[in-house]
Amino acid sequence: MILTETQIDQLLHQEAITEEWPWSTNDEQVIDRNVKDIVAEICRRARLKDRTEYGHYGSGYASYVDCWLYRPDDDFRISPGNHYHGLVILFSRLSPFYVLGQGDKSWDRNGGTFYLPDYEFVDVIEQPVLKDLVPLVTTILTERGLTRLHKADLDTILPAGVQVPTILAQRVLRHFDALFYWED
């Protein structure tokens, strides 16, 4: 079990569960600036581009920053045009935790398609080019004081009666859903 009942309650009230900076500030701008700095370092060191969502997908509240990393080349391309595989990092806005997964995106002048992360996507990284990025990305994140959580860390079912304001949950609410939720 990664979270205590008190921490679950804090998370669901959008309160940090650590005394570590920048999360302890409970200041979204400070936390997002820290994430932007980390993403810039990853992009520089791994020669990647990012499409990171800091704006809560345009509505509601996301307890995380959704960072999608890719290279606009044939190793990442799924099909002609702007359709790519990407490595996803979900940065918790309320703790020094993050998870990794894989997500696909496509876009053109008329719009696009994208993944929405959920518990089932954690640790699922199938593309070899994305798997190759994991050691460097994990090293950078560890150097920056973040802790990677794996699916097994997040599989504990939340106590009965706990309500998570999320549209990302599957059938059962788990610790993942308390840390990484999106209320639209």
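Trainee: Which residue stands opposite Phe114 in E7?

Mentor: This is a predicted model, where local features need pLDDT of at least 70, side-chain atom pairs count only at pLDDT 80 or more, and totals for chains, interfaces and linings use all residues. Residues are numbered from 1 along each chain as its sequence is written, and side-chain values use heavy atoms, leaving out hydrogens and water. Strand E6 (residues 97-108) pairs with E7 in the antiparallel sense over four bridges; pairing requires at least two DSSP bridges between two strands, and strands are DSSP runs of at least two residues, helices of at least four, numbered from the N terminus. Opposite Phe114 in E7 stands Lys105.

Trainee: Is Leu116 buried, partly exposed or exposed?

Mentor: Leu116 lies in the loop between strand E7 (111-114) and helix H3 (128-131). Buried means under 20% relative accessible area, exposed over 50%, and partly exposed in between, with a 1.4 Å probe and protein chains only. Leu116 has 39% relative accessibility, so the residue counts as partly exposed.

Trainee: How many disulfides does the structure hold?

Mentor: A disulfide is a pair of cysteine sulfur atoms within 2.5 Å. The closest cysteine sulfur to that of Cys43 is in Cys67, at 6.4 Å, which is too far for a bond. The number of disulfides is zero.

Trainee: Cys67: buried or exposed?

Mentor: Cys43, with a relative accessible area of 11%, is buried. Cys67 has 0% relative accessibility, so Cys67 counts as buried.
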